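Work through the exercises below with the sequence and the model side by side, and try each task before reading its solution.

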Amino acid sequence: MAQARARLQHPAAWWLWGLGLATAASRTTNPVVLLLVIGVCVLVVGERRDPATPNPLPAFLVIGAVVVAFRLVMT
């Protein structure tokens, strides 16, 4: 029998976690720290997302890449 999955976190907890990651990413220009933030985000979303729903991570990564590209073009 498959092991039961732990209870999913409250949506507000995910919002606070995401805001914390966004704050950490916006306060640094160190590429190592930024790659660690991205890695933690990918790892946690991959492990804790609800398997019954589609994976939103690729869409958010594309949005993030567009924002970074736009910011590079505008500077």
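Helices, of at least four residues, and strands, of at least two, are taken here as DSSP runs and numbered from the N terminus. The model is a predicted one.

**Exercise 1.** Determine in what order the elements of the protein chain run from the N terminus on.

*Solution.* Begin with the inventory, which for the protein chain comes to 3 helices and 0 strands. Reading from the N terminus on, the elements then run α-α-α.

**Exercise 2.** Work out how helix 1 and helix 2 are oriented to each other.

*Solution.* First locate the pair: helix 1 covers residues 11-26 and helix 2 covers residues 31-48, and their axes come within 9 Å while crossing at roughly 165 degrees. Next apply the cut-off, by which angles over 145 degrees count as roughly antiparallel. Helix 1 and helix 2 are therefore roughly antiparallel to each other, and their crossing is left-handed. Finally, look at the residues that make the contact: helix 1 contributes Trp14, Trp17, Leu21 and Ala25, while helix 2 contributes Leu34, Val37, Val40, Cys41, Val44 and Arg48. Sorted by class, this contact has 9 nonpolar residues, no polar ones and 1 charged residue.

**Exercise 3.** Describe the span of helix 3 and how far helix 3 is covered.

*Solution.* Helix 3, residues 57-74, has 18 residues and reaches 26 Å from its first C-alpha to its last, which is close to the 26 Å expected at 1.5 Å a residue. For the covering, count residues under 20% relative accessible area as buried; the count among the 18 residues of helix 3 is 1, and this helix is hardly covered. For the protein chain with its 75 residues, buried residues make up 7%.

Definitions and conventions
Residues are numbered from 1 along each chain as its sequence is written. This is a predicted model: local features need pLDDT of at least 70, side-chain atom pairs count only at pLDDT 80 or more; totals for chains, interfaces and linings use all residues. Side-chain values use heavy atoms; hydrogens and water are left out. Axes are lines fitted to C-alpha atoms, for helices over the stretch in contact, and angles run from 0 to 180 degrees between N-to-C directions. Angles under 35 degrees count as roughly parallel, over 145 as roughly antiparallel, 65 to 115 as roughly perpendicular and the rest as oblique. A crossing is left-handed if the near helix is turned anticlockwise from the far one by less than a right angle, and right-handed if clockwise. Contact means heavy atoms within 4.5 Å. Ala, Val, Leu, Ile, Met, Phe, Trp, Tyr, Cys and Pro count as nonpolar, Asp, Glu, Lys and Arg as charged, and the others, Gly among them, as polar. The expected span of a helix is 1.5 Å times one less than its number of residues. Buried means under 20% relative accessible area, exposed over 50%, partly exposed in between (1.4 Å probe, protein chains only).
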